[in-house]
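Visitor: I'd like to learn how to read a few features off a model like this one. Could we start with charged pairs?

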Amino acid sequence: MTHFIADSQTIANDLMPNLGYEIEDFQYHTWRITSWGNLEKRITGPEFEAGGWKWHILLFPFGNNNSNVVSIYLDFADLKDAPTGWHSCVQFALLLWNPEDPTSSIYHNAHHCFNAEEPDWGFTRFCNQHKLFTPSEEHTRSLIENGCCNITAFVRILKEPTGLPWHNFVIDYDSRIVTGYVGLINQGATDYMNVELQLLYSIKYFRKAIYQILTEDDEPIKSIPLAMQRIFYQLQVSNTSVETTELTKSFGWDSSNCYVQHDVQEFDRVLLDYLENKMKNKNADDTIPRLFAGKMKSYIRCVNVNYEYSYTEDYYDILLEVKGYKTLNDSFMNYILEKSCEGINKYQTENYGLQDVKKSVIFESFPPVLRIQLKRFEYDLQGNTIVKINDRFEYPLEIDLQRYLSPDSDRSKPHNYLLHGVIFHSGYLHEGSYYVFIKPEKNGKWFKFDDDRIIPVNDKEVLEDNAINSINAYMLIYIRESDIDFVLSPILAGDIPKHLQRRLDEEKALYEQRKKETEEPYLYLSTKIVTPDIFEHYQGFDLVNFKERQYPLSEIPQVKVLKTETYEAFKAMVAHKFDIPVEQIRLWIFIKRQNRTIRPDTLIFDSFLGEKMEKIRRKMVPRCNELKLFLEVAKTTNGKIWFPPAESSFHILVFIKYFNPDTQSLKGICHLYVQRFDQVSKIIPILCEKKEFPPNTPLKIYEEIKPDMIEEMNLIITFQQSEIQNGDIICFQKALTEDEIQEHNSAGRIHDIPTFYESLSMRIIIKFKPKYIDKRQNPEFMLVLNKKYTYDDVAKHVAIFLRTDPLKLRFTTAYQTSGANKAVIKRTTTQTLSEMLQTIYPPGSVLLYYEMLDINIVELETNKFFKVYWLGTTVKEEDVIDIFLPKTAIVNQIFQIIVKKLALKHNSRIRLYGVLQYKIQKEYDINDSIDEIQENVTLYAEEIPQDEIDLGANDKVIQVYHFIKDPLCTHGIPFKFVIKAGEPFATTKLRLKLRLGMNAKDFSKVKIAIVQALSYAKPQYINNDVILSDYGLTDEFLGLDHFVFHKLEIAV
């Protein structure tokens, strides 16, 4: 025991990692427990002091809401004496151990900011119960013996170096007040974008340049510059975290894209390339190259002959090795180190053949803002995967880059650089998170930006002096000290576009108005008023449709009234709204019955005139947050208004619907009172009068009990015997002769009320959207259809709406969640609409896409239709050719259509190939049947290049495709390419560049690799000093590794 106490500091160091904070106080305390089995369910140990405050151990020996575990916490015991706003940053470890054998122990450690809201912290699952009394494999004795054990708390009180307590960001944290900055909201996996935006925002010269782009007439979700302007302005003025959804929508993304993580450096390249093009010939034309572009020279010098080759190019960032290098200087020196190429690595020169050479790069200049990417990921050949390099890497707050410059470079300016930002990446390649440390002001503090969380940090944390950051630094941003005043020059009011401030102020005012409206339920009561007119124009179940989205919802007027308002005042409001004398109206409350129908059931009597509306709601419909009311309007006779006496129990309010089989309609016609003890037959003359039928017209009368229960009423019993009550619905129609029934059946019409109600239950709302956006601008619309409709029935109803031929319509189903195209519905199908949709109907409408065809669908389904993308000489889509041929046609007929459409020479040699997942699946022969072409491939056609026609004896044609880092992450248009025998790779690259139609800057970012066609082996990247034909390529592909933002390009 004495030995244990003496070594408490050493034990604490073993149990708790060094967080890098100054320790203000360290204390330990041991609680000796002698009768574990008799302990209460919740118990605290003796108090002890640490940091000038009292603490104790809080123990749940039989678990805190979990009897299978032991729960132990550190608890602040001085809460009553603590001042308002008290907090203490504490690192602690709790150790449970056998006093007879201290090596038999278990511990956990944590750190926490203790405060009044969270005065205890620890471990709910400290240890499983069964481990307490059973020796582990490493020990002969259990943790608890004879009911005895010790629990020791090791407590470090830590100094807060930033002046800000650790925070859980849940209670009362305001980053604007604490740090002066606000964060960006993560949409799923957009942390890489958030750190890049915060960095660009912090470079004020860049922010000003973004503000200078003309965007006044743009829409935020269609304009990347405007979306960025709005984000930057809100970061500047908002008190809450800023949304980025407008920006991602301007990229052309939907929500699914926001759950795909990209590399921050690749995102930076694409975004800046786009913005640089957008700024051309504008006020901010040279902003991006002026801030971020430097120059480097690459050279190759022969050892044994007088030959040297070099070229200079711009760079926007530098990729430095981490593995094997401890410091930034070490990695920089390796970058410019001259390397020898000898033996099998000799360089092929133009005039001297293969030569031993030395090659390197050297910097001609550094930009004002230097971005250094640290190579944290590499391919593991043995594991056949990309792995992260978690080596510690040191970098300084200040660095002189002059030593890495070419001797001939301009040194008139000093090259001292100050650290401005560090991007960190924690986790793995595809599963990780980004955050960034930024020093926004020249002489200011450092802050950690982690999505919507911003806190101050100190130099120690920035320089990775702790275990967490030491392996995660991913990108360093330095600013030249002599340029820092212009790079970080203040933003003035005149720098911000006026329209930006005006639009955001208007949106803020609208937001505040809506926010106020959302808060109104606490003050106001919402009421929905169903008028007789609404009922009389409604066709469906009940009186109206309040919320069943499977059917069209009724448009019901709403009236908001203060909950404290009297019923008398509310009644006057309703009378005024509908322009009816107040004495002529009564209001009935709709009640949801046990059979799930909603009917007017309870009259609000005038005895409630002095009651508050909220009291009426609580008394009559306590489970509803709103009142649904029927507005009863009394008829006047000789200037007199009649309502049944309030105390009368003989009158029943019923609602009448009439079914007309000729027009296939069932609509409300009125509400009226019947006598409780009258026979049902007494209503017949009234119903005949309402429809102006002869008085003795035979009628069929039904009660609508619920949607699937429509029962014919017995005419000789009373309404009471029929169990008719207030709010019930009575339906009637003319009694039909057998000939009339046969006539309706022959015409496909429903002839009776029960069958018509059954048809109503089969209704479904279908939302139709055009499958393709074209110049015809076809509309989106909704139709109420029947689930039993055939394909032709659906086409007929859509054709009526669109005023077109139903045989020139084709429909495609959609995925329920994403709304993407699913499958074309063939006209020959025998399925009903319900079966075609193959989905459980969600609330609301179901989506179908439609196409308006130029040809008859019968003809279409016996032919094949293709879209062929014609490629120019630079492997870019130049034209789209629609091919429509019988299924018996051959590929040569496609070639004939292409030649005619594009006015090519009749002897042009054309290639047609199908692409799936961005790789060529098949090149089609002229005699292939077009029926063999799969529907899921993308078809490309091109004129076969001349160098392929003139193929040399030892030349080979291989497939070239595009990927990003991983050969499986494919994109772009693949193509065929000639590998010429004996051609230096520099010449091969030049032909590739011309074939792709890329400029030198973009092509410099492309890495070229040999990729095995049928395996997942690591791609073999090719150096400049090789001859590609020497590799003996057979089935391999040539892979182009480069990043392309497809959606961003589309938006552009």
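Guide: A salt bridge here is a side-chain nitrogen of Lys or Arg within 4 Å of a carboxyl oxygen of Asp or Glu. The model is predicted, so local features need pLDDT of at least 70 and side-chain atom pairs pLDDT 80 or more, while totals for chains, interfaces and linings use all residues. Residues are numbered from 1 along each chain as its sequence is written, and side-chain values use heavy atoms, leaving out hydrogens and water.

Visitor: How many salt bridges does that rule give?

Guide: The count comes to 47. One of them pairs E441 with K204, at 2.9 Å from N to O. Helices (H or I, at least four residues) and strands (E, at least two) are DSSP runs, numbered from the N terminus. E441 sits in the loop between strand 22 (432–438) and strand 23 (446–450), and K204 in helix 5 (residues 204–212), so the bridge ties together parts 237 residues apart in sequence.

Visitor: Is K204 buried or exposed?

Guide: Buried means under 20% relative accessible area, exposed over 50%, and partly exposed in between (1.4 Å probe, protein chains only). K204 is buried at 8%, whereas E441 is partly exposed at 36%.

Visitor: What does D542 pair with?

Guide: The side chain of D542 meets that of R599 in a salt bridge, 2.8 Å from N to O. R599 is in strand 29 (residues 598–603) and D542 in the loop between helix 14 and strand 27, 57 residues apart. Shared partners join D542, R593, R599, K657, E704 and D728 into one network of salt bridges. R599 is buried, with a relative accessible area of 0%, and D542 is buried too, with 12%.

Visitor: What about backbone angles?

Guide: Most residues other than glycine have a negative phi. D542 has a positive phi, near 60 degrees. R803 also has a positive value, near 55 degrees; R803 lies in the loop between helix 20 (791–802) and strand 40 (809–814) and is exposed at 79%.

Visitor: Which residues of helix 23 are buried?

Guide: V891, I894, F895, I898 and V899 are. Down the axis of helix 23, the buried residues fall within an arc of 135 degrees (taken from the directions from the helix axis to the C-beta atoms), so they line one face. Their cover, judged by contact (heavy atoms within 4.5 Å), includes strand 43 (863–871) and strand 45 (910–916). Just after helix 23, A903 takes a positive phi of about 55 degrees.
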